[in-house]
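Have the model open while you read.

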Amino acid sequence: MTEFAQGLATALQPANLAALLGGSVLGVFAGAVPGLSSTVGLALVLPVTFALEPTPALLMMISIYMAAEYGGSITAIAIGVPGSSPALATTFDGYAMTRRGEAGRAFGISLFASMSGGIVGTLLLVAALGPLSRAAIAFGPPEYFALGVFGLAIVANLVGTDPLKGIVSALLGLLAFIVGLDVLTGAPRLTLGTTVLMDGLGLVPMLIGFFAIAEALNGVSGHRENVLGTEGIRGALPAFRDLFRLWRPILRGSAIGGIIGAIPGAGATIASIVAWNEERRVSRTPERFGTGEPAGIAAPEAANNACVGAAMIPLLALGIPGSASAAVLLGGLTVQGVAPGPLLMTEQASLVYALYAGFIVAVVFMLGVGRLGIPLWVRVVSLRPRILMPLVVGISLIGAFVLRGNLADAWFALFFGLVGFLMLRRGYPLAPAVLGLILGPMVETNYRRALALSSGSHTVFLESPISLVLIGLAVISFAAPALRSRLRLGRGGA
Amino acid sequence: MSEGSRRPAAFVEAGLVALLGAGVLLDARAYPAPLIEGVPGPAFFPGLVAFLLIGCSAVLALRPSREPASARMEGGGVLRLGGAVLWVAGFLLMLPLIGHLAALPPLILGLMWLSGERSPWILIAVSLAFGGFVHLLFVVTLGVPLP
């Protein structure tokens, strides 16, 4: 309790409060503008955090993450277009309520549910991080290798509709990690004989390129316009009694978000759709879902915000990002010299407790920024992409440069932006590539170290129960899509 | 989308993945041998990834698949994309020579024009304001030196 009080005192320092407030404003903006998202918002702010101390930098990032999950519902409710993909399920009932003249009520329900989900996700993080970190302290090279393989397997299968393209994407990420000097021998690999590539391609240029520049190039090539009217956004806010009546959908949505969010690769979009579907399933009036049912907003919004805290569990305890946004957050931790993993709780306990408290303060700021700014946000999100997207490119290139003061990083960001754009066009998900780059060192280095310790015997991976379980889970995860399609084919043929 | 127009795109895609894998295999031949016998050296992991890429490329080429809807891009879109990439490359080449204050406004102006903005006032005002904003944020506020 003392540690949490100290964490709260740290989060309430003026510089940290300013970072949390700034993060909330940026997060709602990034979530609300179609084409941006929590991931793009985090990628854009990454270079700015470089100049900040670790605590305000990370508090700003978690605040962006939290607020962006709510921000997506603004456009979902106002115009029926999700600002970001986790708000997809909110459009089903949110926009229907707007057309019925109940936009204010829908905004209020979304905000209250997001706040509740955010708190539940944070409590889950507080409860799970310590035990998981303690369990992970026993990890050696075989366990870390198995963990890395498990992370790669689950992500390649869960991201995107085409598992093969997910696997190719992860392999491309692994290839990007190989570029540079080999960690164990110092041998240059895939450097094309140049010194520029000796330092590697770097995580941050890849994140900026994939999530900011690729999206902006998509906007430039597509002449996309946001068609946003402000009609019908007025309307009475919900009464407290109205919100209290929704406690069951909010609790169910939060629980679903908390569980799915903690699974690497599952993410807020899946959680919110599952929560909406589950709510319809248990409802006595399922036919009202999709026509403006308040529970159809409350459950998915609670779920996508509960995912934020939950996604931090594997990230902070094991160094495995549970979503693309968490991968960018890992980039932020790396920039600040903070190494996530089992030792984080013991070596940087004050930072962890400040993050816990920061999540709660971020939820409060999200509530304030969201409630006070609804009319403003609806106007801001109508900012034309033909103005917004060039600015995203400009800030991304400068951002990639400032992290190491190296112009090559800006070139790498442009390269990754173009590659990311082409991959998205061809249906390749980007998140597995980022995870390949992140998990590649964990997989390769620990594989070679484990074999060096066992004099080349592969049984070392089967002797540890943890490693055995993780490898088994990875095999199941790799085989699951093929088994599912076989079963579907079998049923279809019967 | 007809079979005839779909397959060449899928073959090109698979060919690129295979080419990448083959390139990695070729490069890995020059890496030093393992330091300890029986323990993989620096060539092992790139070789494994390359083999997997080549395997995936074979499946990509042979499996029946539909062209993703997102893959279709009209001619104007390709030109705008090419123009934008070249414009950004030009900016990166000019940045160390003329500095960020002179290089950023033309970058933004050109990209906005390529994106479809035609109002001269918006083009000039937004691009100049952006250059000033970046200078204020990074150089003045955060103390980060820019070229």
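## Ground rules

Contact here means heavy atoms within 4.5 Å. Keep in mind that this is a predicted model.

## How the chains meet

By that contact criterion, 55 residues of chain A touch 65 residues of chain B. Putting the two together buries about 5,300 Å², and carbon and sulfur atoms give 78% of that area. On the chain A side, the residues that lose the most area to chain B are I398(A), R425(A) and R426(A), which together account for 12% of what that side buries.

## Polar links

Three salt bridges are counted between chain A and chain B. K165(A) and E13(B) form a salt bridge through their side chains, at 3.8 Å from N to O. As for polar contacts, there are seven residue pairs between chain A and chain B, with both partners at pLDDT 80 or more.

## What chain A brings

Several elements of chain A each put at least two residues into the side that touches chain B, among them α3 (38-49), α8 (163-178), β2 (188-189) and α20 (431-453). The biggest contributor is α18(A), with 11 residues. Sort that side of chain A by type and you get 38 nonpolar residues, seven polar and 10 charged.

Which residues make the nonpolar surface patch of about 500 Å²? They're W411(A), L93(B), M94(B), L97(B) and I98(B). Helix α3 of chain B, residues 75-98, supplies the largest share of the patch, four residues. I98(B) sits in that helix, α3 of chain B.

Note on methods. Residues numbered from 1 in each chain as written. Chains lettered and ligands numbered in written order. Predicted model: local features only at pLDDT ≥ 70, side-chain atom pairs only at ≥ 80, totals over all residues. Heavy atoms only, no water. Buried area = accessible area lost by both parts, 1.4 Å probe. Salt bridge = Lys/Arg side-chain N within 4 Å of Asp/Glu carboxyl O. Polar contact = N/O pair within 3.5 Å; in protein donor to acceptor, adjacent residues only side chain to side chain. Nonpolar A, V, L, I, M, F, W, Y, C, P; charged D, E, K, R; others polar. Patch = residues over 30% accessible without salt bridge, like charges linked within 9 Å, V, L, I, M, F, W, Y side chains within 5 Å. Areas by Shrake-Rupley, 256 points an atom, 1.4 Å probe, with all protein chains shown as cover.
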